[in-house]
Amino acid sequence: MSKESGAESSQVAHVRDPSSVASPRRKSSRREKSQRSQKPTTFNHPILDDTSMNTAEILVLVTIAVGSVIIYLAIFPPEEEKEQLSTSIFNRPEEPIPEPSVTKDGKKYSTVWPNVPEKHRKCEDGGRHSGSLEVVTWETPEQGLGWGATEADESPSLKAEFEEEMKCNFEKFYEAWPMGFRWTCCGNPGDYKWGCDHHFYPGCRCDNCRFGYRLPAGFLDERNKSPHAKGLSLGQGNVHGQQIN
Ligand SMILES: [Zn+2]
Ligand SMILES: [Zn+2]
């Protein structure tokens, strides 16, 4: 309307008069005709334009609408489908809780620290270790390591320090030797702060899981050889994706 010339504005003022709103067409049909010939775009109306769409335009719009729905469903699958994926592929096994170890004085102490303070759980990638800290009580002769994941010849004194001097106080032992623990969620050493690479969905923020790739072939076999990951069941990576090596 703002594009109208002076002559057209007077016409609009006339149409807006309440007395003529009831039947504007009957009186102004001749003037409309003359104005159309002068400036035909003045009377284009969005609704009239819509109804005058040809078949090809309608087909294009329908195709776009259907395509959008298909793309949306591919990106955000329905809830039932998500649920199925999380239970069939990414179902996480129970954490193994070992028997308490026996100390020299005959008392039994647990070697698993379940309620680990948040400050130790936090990782630098924004995630957190969800598992417990567990003292490495097993030996790894192939790496030359003994109790507490320390050199085999030093491990007896470290064990005695933990059990006798520290009375199995987890916090004290963590401050002294965090490498003596492993995270039961991911098998990383106790002081591992970069991320919890457990490779279960959802929650693993490693590059492979985030981008939908499987872990490289043999990765878990290799990691299970480490003294900290021994005996744990770790995820296979985000299997939505593809195998990369
Ligand atoms: Zn972890
Ligand atoms: Zn991962």
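Visitor: Between which elements does the loop with Cys-204 lie?
Guide: This is a predicted model, in which local features need pLDDT of at least 70, side-chain atom pairs count only at pLDDT 80 or more, and totals for chains, interfaces and linings use all residues. Residues are numbered from 1 along each chain as its sequence is written. Helices (H or I, at least four residues) and strands (E, at least two) are DSSP runs, numbered from the N terminus. The loop that holds Cys-204 lies between β5 and α10 (207-210).

Visitor: Is Cys-204 buried or exposed?
Guide: A residue is buried if 20 or more other C-beta atoms, placed from the backbone, lie within 10 Å of its own, exposed if 12 or fewer, and partly exposed in between. Cys-204 has 22 C-beta neighbours inside 10 Å, and therefore counts as buried.

Visitor: Which residues are in contact with Cys-204, leaving aside its neighbours within four places in sequence?
Guide: Two residues are in contact if their C-beta atoms, placed from the backbone, lie within 7 Å. With those neighbours left aside, the contacts of Cys-204 are Asp-197, His-198, His-199, Cys-209 and Gly-235.

Visitor: What distance separates the C-alpha atoms of Cys-204 and Arg-128?
Guide: Along the chain, Cys-204 and Arg-128 are 76 residues apart. Their C-alpha atoms are separated by 9.5 Å.

Visitor: What percentage of the residues of the chain count as buried?
Guide: The chain comes to eleven helices and five strands. Of its 245 residues, the share that counts as buried is 19%.

Terms used
Chains are lettered from A and ligands numbered from 1 in the order in which they are written.
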